[in-house]
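Welcome! Please take a look at the sequence and the fold below, and keep them at hand as you read this short briefing.

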Amino acid sequence: TGKLLFTAPKGRSMDSFLKESRAHGWPSFRDEEVNWDYVRCLPDGETVSIHGTHLGHNLPDGKGSRYCINLVCVAGNPTETM
């Protein structure tokens with residue numbers, strides 16, 4: 001949809017964001033990095049866009065919610081200019 005779903009890092013360094021993401025094998029976002037205008041977390045932990053696109057899952061840890069997101073869901077696709 002072209003909507004900004006996540007912004008990272010927020011409240012931590014880029015090194016911390018990358019280290020956590022690499023350790024889990026998925027880009028891992030925290031609550032403050034989620035754009036809640038466009039993202040929802042379902043009761044079963046599935047994370048979706050407001051348009052229903054599957055993005056990944058919330059896998060909480062000792063630091064709180066951790067949204068492990070399938071990179072292909074947020075990579076985007078450039079639009080052609082007319």
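Glu20 counts as buried, because its relative accessibility is 10% and buried means under 20% relative accessible area, with exposed over 50% and partly exposed in between (1.4 Å probe, protein chains only). This is a predicted model, in which local features need pLDDT of at least 70 and side-chain atom pairs count only at pLDDT 80 or more, while totals for chains, interfaces and linings use all residues. Residues are numbered from 1 along each chain as its sequence is written, and side-chain values use heavy atoms, with hydrogens and water left out.

**Glu20 and helix α1**

- Glu20 sits in helix α1, which covers residues 14-24; helices (H or I, at least four residues) and strands (E, at least two) are DSSP runs, numbered from the N terminus.
- Which residues does Glu20 contact, leaving aside its neighbours within four places in sequence? They are Arg12, Ser28, Arg30, Asp61 and Arg66, where contact means heavy atoms within 4.5 Å.
- After α1 comes Gly25, with a positive phi near 85°.

**Aromatic pairs**

- How many aromatic pairs does the structure hold? There are three. Rings of Phe, Tyr and Trp (its six-membered ring) pair if their centres lie within 6.5 Å; planes under 30 degrees apart count as stacked, over 60 as edge-to-face and the rest as tilted.
- One of them is the stacked pair of Phe6 and Phe29, with 4.4 Å from centre to centre and 20° between the planes. This pair links distant parts of the chain, since Phe6 is in the segment before α1 and Phe29 is in strand β1 (residues 28-29), 23 residues apart.
- Phe6 is buried, at a relative accessible area of 10%, and Phe29 is buried too, at 7%.
- Trp36 and Tyr67 make an edge-to-face pair, with 5.6 Å between centres and 75° between planes. Here too distant parts of the chain are linked: Trp36 lies in the loop between β1 and β2 (39-41), and Tyr67 in strand β5 (residues 67-69), 31 residues apart.
- Trp36 is partly exposed at 33% relative accessibility, whereas Tyr67 is buried at 4%.
- Ring pairs also join Phe6, Phe17 and Phe29 into a cluster.

**The sheet and its hairpins**

- In general, the strands of a sheet pair through backbone hydrogen bonds, either parallel or antiparallel.
- In what order do the five strands form their open sheet? The order is β1-β5-β4-β3-β2, and the pairing is antiparallel; two strands pair if DSSP finds at least two bridges between them.
- β1 and β2 stand at the edges with a single partner strand each, so one side of each has no neighbour in the sheet.
- β2 and β3 are antiparallel partners joined by three bridges, and Cys41 stands opposite Thr47 in β3. The hairpin of β2 and β3 has four residues between the strands, and Gly45 in its turn has a positive phi of about 95°.
- Strand β3 (residues 46-49) runs antiparallel to strand β4 (residues 54-58), with three bridges between them. Glu46 has His57 in β4 as its bridge partner.
- The hairpin of β3 and β4 also has four residues between its strands, and Gly52 takes a positive phi near 95° there.
- Glu46 and Val48 point one way from β3 and Thr47 and Ser49 the other way, yet all are buried.

**Asn70 and its surroundings**

- Asn70 lies in the loop between β5 and α2 (71-74), and Asn70 counts as buried because its relative accessibility is 19%.
- The side chains of Asn70 and His54 make a polar contact at 3.5 Å. A polar contact is a pair of N or O atoms within 3.5 Å; within protein, one must be able to donate a hydrogen and the other to accept it, and residues adjacent in sequence count only if both atoms are side-chain atoms.
- Not counting residues up to four places away in sequence, Asn70 touches Trp26, His54, Leu55 and Gly56.
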